Amino acid sequence: MAQERDIRYVNREFSDFRGQLIEYAKNYFSDTYNDFSPTSPGMMFIEMASYVGDVLSFYQDTQIQETFLQHAKNPGNLFNLAYMMGYRPKTTAASEVELDISLTVSPNGSFLPNYTEAGIVVENSVFKSSSGNGTQFILQKPVNFNFSSSYDPTEVAITGIDGDGNPTEFTLTKKGKAYSAEIITTTQTFNVVEKFATITIDDEDIIGILSIEDDSTNTWYEVPFLGQDTVFVETSNVSNDNGLVPNNLSLLKTPRRFVTRFNSSGQLIIQFGSGITGDTDDQITPNPLNVGLGTAQGVSKIDVAFDPSNFLFTQTYGLAPPAGTTLTVKYLKGGGVSANEGSNTVNTIVTAVVENNNAGSPITDRLSVTNPKPATGGKDGDTVEEIRQNSLRAFNEQGRVVSLKDYAIRSLSMPPRFGSISKAYATQDQLTNTNSTVDTIIDNNPLAISLYILSQDINGNLTTAATSLKNNLKKYLSQYIMITDAVNIKDAFIVNIGVEFEILPLPNYVGRDVLLNCTNTLIDYFNISNWSINQPINFSPIYTLLDKIKGVQSVQTIRVKNKVGTVNGREYSQYAYDVEGATRGNVVYPSLDPCIFEVKFPAVDIQGRITTL
């Protein structure tokens with residue numbers, strides 16, 4: 001009859017294995033072997049077995065550790081875990097800069113510029129820094145000197161005058177955004193059709209893909225994952241509000257798509273779909289109107305859990321490049337900390353294409369560029385700990401709009417070329433406000449979300465959002481909200497206010513200087529960038545803020561007054577508000593209908609005076 005052995009399974013280290021094996025030999029082989037001195041042959045085998053156990057335990061612990069994001073250390077595992085969590089690790093980050101692009105033109109025979117000599121500086125024009133780094137910057141969007149609006153103003157200056165005082169030259173200046181990168185072009189030919197074909201770009205400091213086109217001039221679009229068959233595209237806005245919203249946002253369903261991902265070596269891997277040209281499964285894409293109706297055999301689908309985004313997907317995951325196709329891949333390379341250039345250093349034109357059919361002389365010769373502010377944002381790749389923390393954050397975000405804060409943050413994250421949303425506030429729709437000028441995503445739902453938004457004009461003052469902006473926001477949110485959610489996009493109310501205060505200065509201080517410091521402090525405090533919709537005005541921190549200013553003995557009073565209509569030629573909001581009635585316990589509360597308090601003209605609406613005891 002076999003003897004039962006007392007075996008322990010908790011040993012993890014060399015000393016544990018060695019001690020347990022010695023104890024095991026003493027208990028079960030005491031008559032056979034009893035020499036446990038360090039030089040005995042038996043101890044050699046015991047320690048060799050302990051060594052093997054220690055090594056196996058180490059690799060087992062390491063393998064288990066590398067499966068958990070919080071403990072993984074291997075860069076390759078971290079990259080894979082990060083993509084699984086929905087985070088895209090960065091190998092480099094480009095710096096961004098705002099350029100002043102200037103173009104000189106002659107007069108048109110009077111005292112106005114001759115705009116027929118102007119033109120459009122096309123996107124992807126290249127400028128270069130004159131510093132030691134010589135960083136190249138690529139123009140992000142076209143700069144149109146033929147067009148001027150509050151969204152994209154043109155500064156006009158006279159830079160040449162003849163002996164009679166008539167202008168001989170005008171300089172047109174516009175703003176343009178650029179980022180540090182170089183455009184690299186490579187090609188890839190597919191001799192056979194391969195499902196989920198991949199391309200590996202082996203280069204350093206790759207920022208991302210700029211474009212992919214095949215030899216039939218078809219554009220291939222990058223998507224977050226191959227199952228998503230819709231992408232955002234932009235078209236020029238031809239409506240009368242194009243000065244505020246230059247581009248319209250629309251959704252395009254495309255079978256030509258790809259995904260990209262970096263590996264731990266910095267290489268960029270491009271993967272395409274598995275579909276064959278002409279083979280599509282659009283006809284079997286789930287229809288949300290049929291969910292829950294069951295099948296013809298009476299099998300109900302009510303108890304099946306559907307991901308709301310699945311109705312955007314197909315099963316082919318996009319097309320694979322056809323046989324004999326050559327793809328032209330343009331990607332961006334550069335960035336890093338060294339790309340953060342100083343102010344007034346980006347002043348060299350490398351390749352700037354200016355479109356103008358009426359130009360009588362080379363336009364590039366009349367073009368100049370500089371950067372009044374430094375280029376910032378350049379950063380090296382993510383560290384191990386940054387990948388870990390960013391992945392944990394991305395997993396919680398999930399790329400979906402669920403909570404009320406998600407709606408506000410996602411709205412503010414819409415690219416500014418589709419319109420600038422300055423303020424956003426989401427709340428449950430109580431059907432108390434019909435201040436909406438755009439179709440809702442889902443109408444007449446008493447459980448809908450009301451999303452109140454505001455935009456800003458060229459002076460930084462709040463204004464209601466343009467219709468095109470709201471339509472763009474509706475299409476932008478439609479890719480993130482749950483299928484059962486309803487969103488009513490509305491205008492928040494703007495309540496313009498003025499602030500009056502009285503202070504008692506300390507002796508030996510110049511009262512005028514103290515008053516000026518207090519006024520400037522309140523101007524900063526009531527800067528609209530620091531305020532959000534439905535934020536109350538609390539007097540207590542204002543008293544504390546003024547008390548801390550040098551020369552202030554005490555703050556006597558602080559009053560807030562409503563500014564309505566036209567006052568001394570200044571246009572205020574049309575909405576009146578009972579500030580005194582809304583004040584409780586040193587706090588001015590907003591209305592039931594979401595509103596925001598704005599000091600529209602701080603130079604005149606914030607007034608202070610000196611008082612005496």
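Author: Happy to! In this predicted model, helices α7 and α8 are oblique to each other, because their axes cross at roughly 140° and only angles over 145 degrees would count as roughly antiparallel. Helix α7 covers residues 511–525, helix α8 covers residues 539–547, and their axes come within 10 Å. The crossing of this pair is right-handed.

Now look at the side of each helix that faces its partner. From α7, the residues in contact are C518, T521, L522 and Y525, and from α8 they meet P541, I542, L545 and L546. Sorted by class, the contact of α7 with α8 has 7 nonpolar residues and 1 polar residue, with no charged ones.

For a second example, turn to α1, residues 14–28, and α2, residues 41–65. These two helices pack at an angle of about 140°, and their axes are 8 Å apart. With that angle, α1 and α2 are therefore oblique to each other as well. Here too the crossing is right-handed. On the α1 side, the contact is made by F14, F17, R18, L21 and I22. On the α2 side, the residues taking part include M43, I46, E47, A49 and S50, and also Y51, G53, D54 and S57. By class, the contact of α1 with α2 has 8 nonpolar, 3 polar and 3 charged residues, whereas that of α7 with α8 has no charged residues.

Terms used:
Residues numbered from 1 in each chain as written. Predicted model: local features only at pLDDT ≥ 70, side-chain atom pairs only at ≥ 80, totals over all residues. Heavy atoms only, no water. Axes fitted to C-alpha atoms, helices over the stretch in contact; angles between N-to-C directions. Helix = DSSP H or I, 4+ residues; strand = E, 2+ residues; numbered from the N terminus. Parallel < 35°, antiparallel > 145°, perpendicular 65-115°, else oblique. Left-handed = near helix turned anticlockwise from the far one by under 90°. Contact = heavy atoms within 4.5 Å. Nonpolar A, V, L, I, M, F, W, Y, C, P; charged D, E, K, R; others polar.
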